[in-house]
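Thanks for making time this morning.

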Amino acid sequence: MDELNTVDSKGGQFQEIPCLEDMLGIEPLEIHFPFKRDPQISHSIELTNDTDDYIAFMTKARSRRFRIEPDKGIVPPGSKCSVTVTTQAQVNALPNNRHKEEITVLSTRVDGGLAAMDITGDVFIEKEGTVVDEVNVMVVFDKPPPADEES
């Protein structure tokens, strides 16, 4: 991002605060799991930091159906981090052909000296001078076609 310097009414210069689009890039924003009763299935989400800042992230799932590893961390400037989402064994039939859930990825700029183990929910509370980005990744469970259908 190009730095923009602006002059305030008293003649002093200040730097424009970067906007949200400068936080982590998250791909994909929708992941699909086939509905299967027994196995655990994994997909990866890639977090990309194209900024010059250290970006902390934390994931939150509303359901215990997922295991997310790592569920928090720090992505250094110009780096990527792969997060693995694993479904637990799906024992209950889903009500519709498709079932959607969300995983939320929170991110914010942090000091480079912060360690992943220091990241708590408090890091993601917006206060003056702090911007917290919240992105929802849709998780879709696709129900397979009935086994008795013939091609």
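Predicted model: local features only at pLDDT ≥ 70, side-chain atom pairs only at ≥ 80, totals over all residues.

The side chains of Arg-65 and Glu-101 meet in a salt bridge, with 2.9 Å from N to O, where a salt bridge is a side-chain nitrogen of Lys or Arg within 4 Å of a carboxyl oxygen of Asp or Glu. This pair links distant parts of the chain, since Arg-65 sits in the loop between β6 and β7 while Glu-101 belongs to strand β10, 36 residues apart; strands here are DSSP runs of E with at least two residues, and helices are runs of H or I with at least four residues, numbered from the N terminus. Arg-65 is partly exposed at 23% relative accessibility, whereas Glu-101, at 13%, is buried. The cut-offs are under 20% relative accessible area for buried, over 50% for exposed and partly exposed in between, with a 1.4 Å probe and protein chains only.

Residues are numbered from 1 along each chain as its sequence is written, and side-chain values use heavy atoms, with hydrogens and water left out.

How many salt bridges are there by this rule? The count comes to five. One of them joins Arg-62 to Glu-102, again at 2.9 Å from N to O, and because Arg-62 lies in the loop between β6 and β7 and Glu-102 in strand β10, the pair ties together parts that are 40 residues apart in sequence. Arg-62 is exposed, with a relative accessible area of 71%, while Glu-102 is partly exposed at 22%. Glu-69 forms a salt bridge with Arg-67, and there the closest N and O atoms are 3.3 Å apart.

Let me turn to the sheet. Four strands form an open, antiparallel sheet in the order β3-β5-β9-β7, where two strands pair if DSSP finds at least two bridges between them. The edges are β3 (25-27) and β7 (66-69), each with a single partner strand, so one side of each has no neighbour in the sheet. Strand β3 pairs with β5 (residues 42-48) over three bridges, and Ile-26 stands opposite Leu-47 in β5.

Those two residues also lead to the interior. A nonpolar core is a set of buried Ala, Val, Leu, Ile, Met, Phe, Trp, Tyr and Cys residues joined through side-chain atoms within 4.5 Å. The largest one has 22 residues, and those touching the most other members include Ile-26, Leu-47 and Phe-57. Strand β11 gives the most to this core, with four residues. Apart from it lies another core of eight residues, among them Ala-56, Leu-106, Phe-124 and Val-132.

Cys-81, in strand β9, counts as buried at 18% relative accessibility, and leaving aside neighbours within four places in sequence, the contacts of Cys-81 (heavy atoms within 4.5 Å) include Leu-47, Phe-57 and Pro-70. Cys-81 and Ile-26 are 55 residues apart in sequence and 9.8 Å apart in space, C-alpha to C-alpha.
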